[in-house]
Amino acid sequence: MVGLQWGDEGKGKVVDHYAASADFVVRCQGGANAGHTVWVDGRKMVGHLLPSGAFHPDPICVIGAGVVLDLESLCEEIDALNAVGLEVEKRLRVSRLAHLVLPYHKILDRGRDRLPSMGLPIGTTGRGIGPAYSDKMRRVGLRVGDLDRGESVVRSLLQARLEEMAPVMERQGMEYPDLEATLDLLLSLGNRLQPCFVDTGHLIREAIRTGRRVLFEGAQGTLLDIDHGTYPFVTSSTSSALGLGPGSGVPSRSIEHILGVVKAYATRVGEGPFPTEEKGAHGESLREKGKEFGATTGRPRRCGWLDLPALGYSVALNGIDALALTKIDVLGGQEGLKICVGYEDMSGNEIPFTPESHVLEEVIPIYEEMVGWPEQEVGSSELPEGALRYIERIESFVGVPVVFVGTGPDRNHSVLRHGGL
Ligand code: IMP
């Protein structure tokens, strides 16, 4: 299951729905930059690193090799779930191959957008994601499995990193973390989570071989994919479905169905092209009604109309079998409802979708006016006529059925179509 826009599609709620019947729920990429919100019995639960399966009592929750892991953030999440009676530690498995997000990664990340030498401002979540993946690709990162190699090994690995990075942070006027404090923190958190550290690739391959139900949960969204998204305004991992196999350690062909999650309108946090953005009253109304504020950073999200050319691209890239459409209720009662069906340039020439940011910045969206529908009761199990027409327009444009429609925030606020997935 993957997001088809710029993240924040409402994946948490959809995974939560399917996790109820899964034996394993697996995170494959990203880190604590993700923020999935699930409403359980009127209570708001927000996860960052734990798969959304954690909100059910049974599934085994797996953090795969492709994730970058902030141990502090993970322990805080586990403690928050414990506090509401959801015990997750015993059914949590963390890949020994996953790379660690260290305190200096977060410091570098937060400094990034202030420094012209670091490139264009991106508006990252400040969770250390880019710097951690960067160390991984440079082959100098620390991994979960390093934590039980003994204090002296961890110390020397960490010392090498800090010696390299301290001058960088110093030059940029940033305070950098102390070696001993970082070492103590890592070893104590590592010690606590030690029983969870396993070979998750083997675990999942065996699960698949023995016919267990495994749900792979994407984080962020396809248009934030490092290779196929709107670079450089992207995250640092493969956030499309192309990353699910490598991030979890299973052959991609063993993934049977790919469900894409799309919000009924579009949002984006941080910088980057957004052709259908509505900067005026329409955008404000979507933000207020849809409560479009970041689950991780609290930042207001940029809002606009659904972009079908972008969606068509994501459907094709991921090989999507079926769609889950979220937050259709937010469009109820919206004045001047529109849907983007193409792009053109200033001279009226049609432009196909491309993730190349400099091209996408310039395109002019071509809209179809849609017949709206009156506001429905939140969580309604009936879809109004106008909403059905809207859904059918999406299906006919991208050629994939919408099997799940979110009609409100709670776990049970949804309608299944075409027999579900
Ligand atoms: P980073 O992943 O923190 O490096 O941020 C890179 C870009 O991806 C920024 O524009 C973020 O706002 C965006 N981003 C990262 N994670 C999420 C997410 O879970 N939802 C929406 N946007 C995200």
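Which strand holds Thr267? Thr267 sits in β12, a strand that covers residues 266–268; strands here are DSSP runs of E with at least two residues, helices are runs of H or I with at least four residues, and both are numbered from the N terminus. The model is a predicted one, so to speak of local features takes a pLDDT of at least 70 and side-chain atom pairs count only at pLDDT 80 or more, while totals for chains, interfaces and linings use all residues. Residues are numbered from 1 along each chain as its sequence is written, and side-chain values use heavy atoms, with hydrogens and water left out.

Back to Thr267: with 2% relative accessibility, this residue counts as buried, because buried is defined as under 20% relative accessible area, with exposed being over 50% and partly exposed in between (1.4 Å probe, protein chains only). The side chain of Thr267 also makes a polar contact of 2.9 Å with that of Lys263. A polar contact is a pair of N or O atoms within 3.5 Å; within protein, one atom must be able to donate a hydrogen and the other to accept it, and residues adjacent in sequence count only if both atoms are side-chain atoms.

Next comes the ligand. There are 17 residues around the ligand, and Asp8, Asn33, Thr125, Thr235 and Arg299 come nearest; a residue is near a molecule or strand if one of its heavy atoms lies within 4 Å of it. The shell splits into six nonpolar, nine polar and two charged residues. Domain 1 (2–90 + 199–416) and domain 2 (99–197) each supply at least three residues of the shell, the bounds coming from an automatic or database domain assignment.

As for individual atoms, Asn33 places a polar side-chain atom 2.9 Å from an oxygen atom of the ligand, and Gln220 has one 3.3 Å from a ligand nitrogen atom. Val269 uses its backbone instead, with an N or O atom 3.1 Å from an oxygen atom of the ligand. On its own the ligand exposes 470 Å², and the protein buries 96% of that; accessible areas come from the Shrake-Rupley method with a 1.4 Å probe, and for residues only the protein chains shown count as cover.

Asp8 has a positive phi of about 60° although it is not a glycine. Asp8 lies in the loop between β1 (2–3) and α1 (11–19) and is partly exposed, at 24% relative accessible area. Arg139, also not a glycine, has a positive phi of about 65°; its loop runs between α4 (129–137) and α5 (151–171), and Arg139 is exposed, at 75%. The peptide bond from Tyr231 to Pro232 is cis, with omega near 5°, and Pro232 belongs to the loop between β10 (214–217) and α8 (244–248).

Finally, the cysteines. Cys28 is buried at 0% relative accessibility, and Cys303 is buried at 1%.

Conventions: Ala, Val, Leu, Ile, Met, Phe, Trp, Tyr, Cys and Pro count as nonpolar, Asp, Glu, Lys and Arg as charged, and the others, Gly among them, as polar.
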